[in-house]
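Here's a quick tour for anyone meeting this structure for the first time. Have a look at it below, then read on.

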Amino acid sequence: MLEVLFSQSFNGCMRYASYAKQEDICCLPLCLSVGDIRPGNTEDLIGPGRKQAFSQLLFSAPETERERYLQDSLTQSRTSLAALVESVRDGKPVRVWSSDNPDEACGLAWLMELFFRLGLEKTEVSLVALPCFDLGKNGVVIQYNGWGQVEPEDIERMAMIYTRSLPLGEKRALAMLWKQLQAENAPLRAVVSGRIASVPETFYDSLIMQELERQPEEFAEAQLIGTVLGRYPLGFGDGWIALRIEKILVAPGLLVPITKPKPGDSIYRRIVRKQANNILS
């Protein structure tokens with residue numbers, strides 16, 4: 001069985017756990033909740049929008065490394081997808097690991113649409129849907145926002161509990177949902193009330209502004225990003241938050257960088273100051 005994942009961190013977790021054969025793990029970290037998702041051509045099933053999306057999310061990466069990260073991400077995704085399609089055409093069943101994390105939820109819908117587009121809709125597909133809450137060791141209740149947070153030792157147990165077969169009708173519904181999202185082609189997608197929805201790029205901005213109010217006049221930008229991600233575990237990453245801070249706060253002069261990141265550090269490894277004209281001050 002081919003294990004299909006949409007998270008780099010979960011990819012490392014599963015490989016460490018030795019839950020599946022290395023060659024049976026297919027990681028597609030396509031970041032499909034962000035950017036242009038118009039269909040690609042038959043030679044490039046990843047779609048032209050992934051380069052744009054990866055570039056956006058790599059905004060916070062060290063400038064000297066961005067191009068390499070971008071090319072590595074595209075190459076890995078295309079290689080993994082080619083191997084997936086070949087295996088499925090050979091009749092190999094698939095197990096998809098998804099959740100309410102926007103990238104994983106989008107990944108599942110995208111994959112079902114791809115199967116229908118390639119005439120592979122009769123592929124045997126199992127789904128491991130991450131629950132909102134899971135009972136861990138010693139009766140502790142754990143809340144996850146994506147498979148990347150699951151411990152290696154919990155993978156097999158959770159697969160046994162939460163795996164189910166995906167019927168043809170549900171595959172079709174997911175494929176139709178993805179086609180609808182493609183037609184809308186919003187800059188961002190989020191899981192709202194358990195369903196993927198197209199949303200504006202400003203969707204998470206209020207959370208950033210809310211946490212900005214709690215910061216002193218001068219603060220580490222990384223602290224603001226960490227607070228947003230910690231307080232609102234909605235599945236978005238530091239790259240998107242850094243990008244939005246740059247666009248809505250730094251570019252218009254509401255935050256002014258007063259230090260520069262060290263060479264090789266992320267752009268947000270700097271101290272910033274609120275301007276006097278900042279209405280949140």
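Let's start with strand E1 (residues 2–5), which runs parallel to strand E3 (residues 94–98) and is joined to it by 3 bridges. Within this pair, valine 4 sits opposite valine 96 of E3. Strands here are DSSP runs of E with at least two residues, helices are runs of H or I with at least four, and both are numbered from the N terminus. Two strands count as paired if DSSP finds at least two bridges between them.

Zooming out, E1 and E3 belong to an open sheet of 5 strands, ordered E2-E1-E3-E4-E7, with mixed pairing. Strand E2 (25–27) and strand E7 (163–165) are the edge strands, each pairing on one side only. On average, neighbouring strands in this sheet are turned by 25 degrees against each other, direction ignored.

## Helices on that sheet

Helix H1 (residues 8–17) packs on the sheet and touches E1, E2 and E3, with its direction at about 165 degrees to that of E2. Helix H3 (residues 66–89) also packs there, touching E1, E2 and E3, and its direction makes about 135 degrees with that of E2. Contact means heavy atoms within 4.5 Å. The axes are lines fitted to C-alpha atoms, for helices over the stretch in contact, and angles between N-to-C directions run from 0 to 180 degrees.

A word on where this comes from: the model is predicted, with local features needing pLDDT of at least 70 and side-chain atom pairs counting only at pLDDT 80 or more, while totals for chains, interfaces and linings use all residues. Residues are numbered from 1 along each chain as its sequence is written, and side-chain values use heavy atoms, leaving out hydrogens and water.

## The three-stranded sheet

There's also an open sheet of 3 strands, in the order E10-E12-E11, and its pairing is antiparallel. Its edge strands, each pairing on one side only, are strand E10 (218–220) and strand E11 (255–257). From one strand to the next, the twist averages 35 degrees.

E11 and strand E12 (residues 271–274) run antiparallel and are joined by 3 bridges. Proline 257 has valine 272 in E12 as its bridge partner. Helix H8 (residues 221–231) lies across E10 and E12, at about 65 degrees to E10.
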